[in-house]
Amino acid sequence: MRLLARITLVFLIAALGWIGWQRYGPRPPAPAMAPDAAQIDHILIEKSARRLTATLDGAIVLQSEIALGFAPEGDKEQEGDGKTPVGVFTIDRRNPNSAFHLSLGIDYPQPDDIARAQQRGIDPGGGIFIHGQPNGVVGLILPGDWTLGCIALSNDEMAQLWSLTPTGTTVEIRP
């Protein structure tokens, strides 16, 4: 019985080490930015269609299926509601070392969102990103709407979007 307990313990330690390494270990370098002439100028997210469309001067450069927050219907109102916000935003930061495969930050909440939340005495939330799959989830795409309000793509599509999207790109999120 002690041998079985030792084998189980060794297996458990090895599994936790592997999971920790996958989640927090070094990341591969982020893809290089595309030349200026190929960089997109607009991202359209259609929540009801679960679709992201990236365009340059109106021409489609990338189209992808997406996952949203776990309660995607309606506009984001407060921290923890699982909703993806609706409106016009800007990519305001890029994080190659996030807990997800690359991430592009969206400047939510906007002043109107903050004022509306303050009137109700609630936190409007924040930290809304377009990102890939969770680090440590190798070769899989999580099914359904699973984020806390972010927009998730496959890792391959996220790498492509990352290289095409400069800070300042307009992001339009429709219901």
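Which residue in β8 does Ile-43 stand opposite? Ile-43 stands opposite Val-171. The legends below take that pairing and its surroundings in turn, in a predicted model.

View 1. From the N terminus, the elements follow the order α-β-β-β-β-β-α-β-β-α-β. Of the 175 residues in the chain, 37% are buried. Among contacts between residues at least 6 apart in sequence, 60% link residues at least 24 apart. The accessible surface is about 9700 Å², and carbon and sulfur atoms account for 60% of that.

**View 2. Strand β8 pairs with β1 and with β4.** Strand β1 covers residues 42-46 and runs parallel to β8, with 5 bridges between them. Strand β4, residues 87-95, is antiparallel to β8 and joined to it by 4 bridges. Val-171 is a bridge partner of Phe-89 and also stands opposite Ile-43.

**View 3. Side chains alternate along β8, residues 170-174.** Val-171 and Ile-173 point to one face and are buried.

**View 4. Thr-53 sits in strand β2, residues 51-56.** Is Thr-53 buried or exposed? Thr-53 counts as buried because its relative accessibility is 6%, and the cut-off for buried is under 20%. The Thr-53 side chain makes a polar contact of 2.9 Å with the side chain of Gln-63. Beyond its neighbours within four places in sequence, Thr-53 contacts His-42, Ile-43, Leu-44, Glu-46, Ile-60, Leu-62 and Gln-63. One of these, Ile-43, stands opposite Val-171 in β8.

Conventions
Residues numbered from 1 in each chain as written. Predicted model: local features only at pLDDT ≥ 70, side-chain atom pairs only at ≥ 80, totals over all residues. Heavy atoms only, no water. Helix = DSSP H or I, 4+ residues; strand = E, 2+ residues; numbered from the N terminus. Buried < 20%, exposed > 50% of the residue type's maximum accessible area, 1.4 Å probe, protein only. Polar contact = N/O pair within 3.5 Å; in protein donor to acceptor, adjacent residues only side chain to side chain. Contact = heavy atoms within 4.5 Å. Areas by Shrake-Rupley, 256 points an atom, 1.4 Å probe, with all protein chains shown as cover. Pairing = 2+ DSSP bridges.
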